[in-house]
Amino acid sequence: MSMIRSWVDSANDPEGDFPLNNLALGVFDPGDGPRCGVAIGDRIVDAAALEANGLLDLGPRLCDRPCWNALMAAGPKAWDAFRARMTALLREGAPEQARVAPHLHPMGSATLHLPFTVAEFTDFYAGRHHATNVGTMFRGAENALPANWLHIPIGYNGRASSVVVSGTPVRRPWGQVKAPDDSAPRFAPSARFDFELELGAIVGQPSTGPVSVAQAQDMIFGYVLLNDWSARDIQAWEYQPLGPFQSKATATTISPWIVMRAALDPFRAAPPDREVPLLPHLSDAGRDFHDITLAVTLTPEHGTPETIARTNTRELYYSPAQQLAHHTTSGCPMRVGDLIGSGTISGPTPDSRGSMLELSWGGQTPIDLNGAPRAFLENGDTVTLSGAAIGEGYRIGFGPCGGTILPARQNPYAP
Ligand code: CA
């Protein structure tokens with residue numbers, strides 16, 4: 001696979017996130033209301049305007065709305081038809097160039113919204129290095145991986161209501177915390193606020209009963225970068241025995257651009273080695289893992305950006321399709337617009353860890369940030385996730401997934 005050249009010059013930049021091969025989907029507001037747009041180079045093409053002008057005909061108007069859920073619901077044939085038509089309109093030499101060009105908007109000045117309406121949000125824990133690191137810190141090296149971990153992708157039902165788009169500030173939460181040596185819990189702003197580097201899979205087709213891994217793969221519409229903000233001090237006190245709750249409920253930031261599954265097809269990767277075989281219903285269905293490079297950049301207030309971690313989605317132990325298939329085993333229905341977080345994606349080395357908890361090893365070994373020691377997030381910090389599949393002479397990127405930490409409110413329960 002090589003770059004498909006576009007008449008939009010900036011789309012042919014080999015370092016850009018949005019070549020014609022990508023066709024990432026966002027919701028933007030050029031000034032008169034949010035609608036569906038497609039990233040092409042440093043521009044956004046107004047998909048609603050293409051429909052209105054008869055340049056894109058998928059049947060009912062799918063793009064003149066502030067979310068991509070209607071295209072998702074239209075199904076895989078519509079997804080393929082959409083990509084084929086957009087490719088034809090934007091490729092070099094397209095006869096429609098003069099009719100499409102008026103509907104391009106500069107990406108840099110556009111307001112971007114959540115690209116889809118999140119039906120429900122589930123977060124998994126499918127990164128082995130992350131699970132091992134956290135388990136070692138919380139329970140000791142002997143009990144690092146729970147007994148179930150190599151058999152099922154562990155997850156919990158999260159909140160769709162707090163999923164926000166990149167650029168939305170995130171306020172440091174209050175919560176109940178208790179350090180092991182404290183005699184009693186107290187209510188305080190989180191002092192161990194953190195990020196988690198994850199990949200989010202978007203369910204584009206519904207299910208009503210158990211689905212196979214292969215069927216689950218076909219249900220996935222696309223992917224976003226996902227930061228599962230986490231208050232470690234709240235988490236450590238609340239998590240047993242039902243798992244995370246308020247520690248993860250403040251906010252989840254996703255990238256403004258959905259990369260459709262088809263754009264990542266050339267970057268499929270083999271599953272990891274498995275020391276114990278999975279039960280047949282969760283067995284690897286083929287190449288449903290992807291090779292996507294990931295990075296985390298932390299910028300302190302008044303400081304300079306530093307890349308503090310680099311890793312790859314190949315470090316996941318369970319693919320998004322395996323996570324989704326497991327999610328349905330009980331008969332749990334899945335809905336169009338469900339968001340499935342992968343869990344933190346850490347690699348094997350200290351500079352490939354996808355959370356401050358791991359990078360600073362629970363605060364014991366702070367990293368160096370702009371020449372100062374740093375264990376967790378401080379007010380004014382901006383965390384930016386980035387990711388791209390790297391092809392020959394082009395890349396498929398997600399755009400930045402960022403958020404800045406605001407100070408905690410005054411005590412919301414103060415008399
Ligand atoms: Ca998580």
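1. Asp 17 and Arg 395 pair through their side chains in a salt bridge, at 3.0 Å from N to O. The term covers a side-chain nitrogen of Lys or Arg within 4 Å of a carboxyl oxygen of Asp or Glu. The rule finds one salt bridge across the interface of domain 1 and domain 2.

2. A word on the basis. This is a predicted model, in which local features need pLDDT of at least 70 and side-chain atom pairs count only at pLDDT 80 or more, while totals for chains, interfaces and linings use all residues. Residues are numbered from 1 along each chain as its sequence is written, and side-chain values use heavy atoms, with hydrogens and water left out.

3. Domain 1 spans 9-113 and domain 2 spans 121-406. These bounds come from an automatic or database domain assignment. Taken over C-alpha atoms, the two domain centres lie 29 Å apart.

4. In domain 1, 29 residues are in contact with 27 residues of domain 2; contact means heavy atoms within 4.5 Å. The two domains bury about 2,100 Å² between them, 68% of it on carbon and sulfur atoms. Buried area here is the accessible area (1.4 Å probe) that two parts lose on being put together, summed over both. Leu 25, Met 72 and Trp 79 supply 28% of the area that domain 1 buries against domain 2, more than any other three residues.

5. On the side of domain 1 that touches domain 2, the elements giving two or more residues include strand S1 (25-29), helix H2 (69-74) and helix H3 (76-90). Helices (H or I, at least four residues) and strands (E, at least two) are DSSP runs, numbered from the N terminus.

6. Gln 322 sits in helix H9 (residues 320-328). Gln 322 counts as buried because its relative accessibility is 1%. The classes are buried under 20% relative accessible area, exposed over 50%, and partly exposed in between (1.4 Å probe, protein chains only). Leaving out residues up to four places away in sequence, Gln 322 touches, among them, Arg 274, Asp 284 and Asp 288.

7. Glu 142 lies in the loop between helix H5 (128-139) and strand S7 (155-157). Its relative accessibility is 76%, so Glu 142 counts as exposed.
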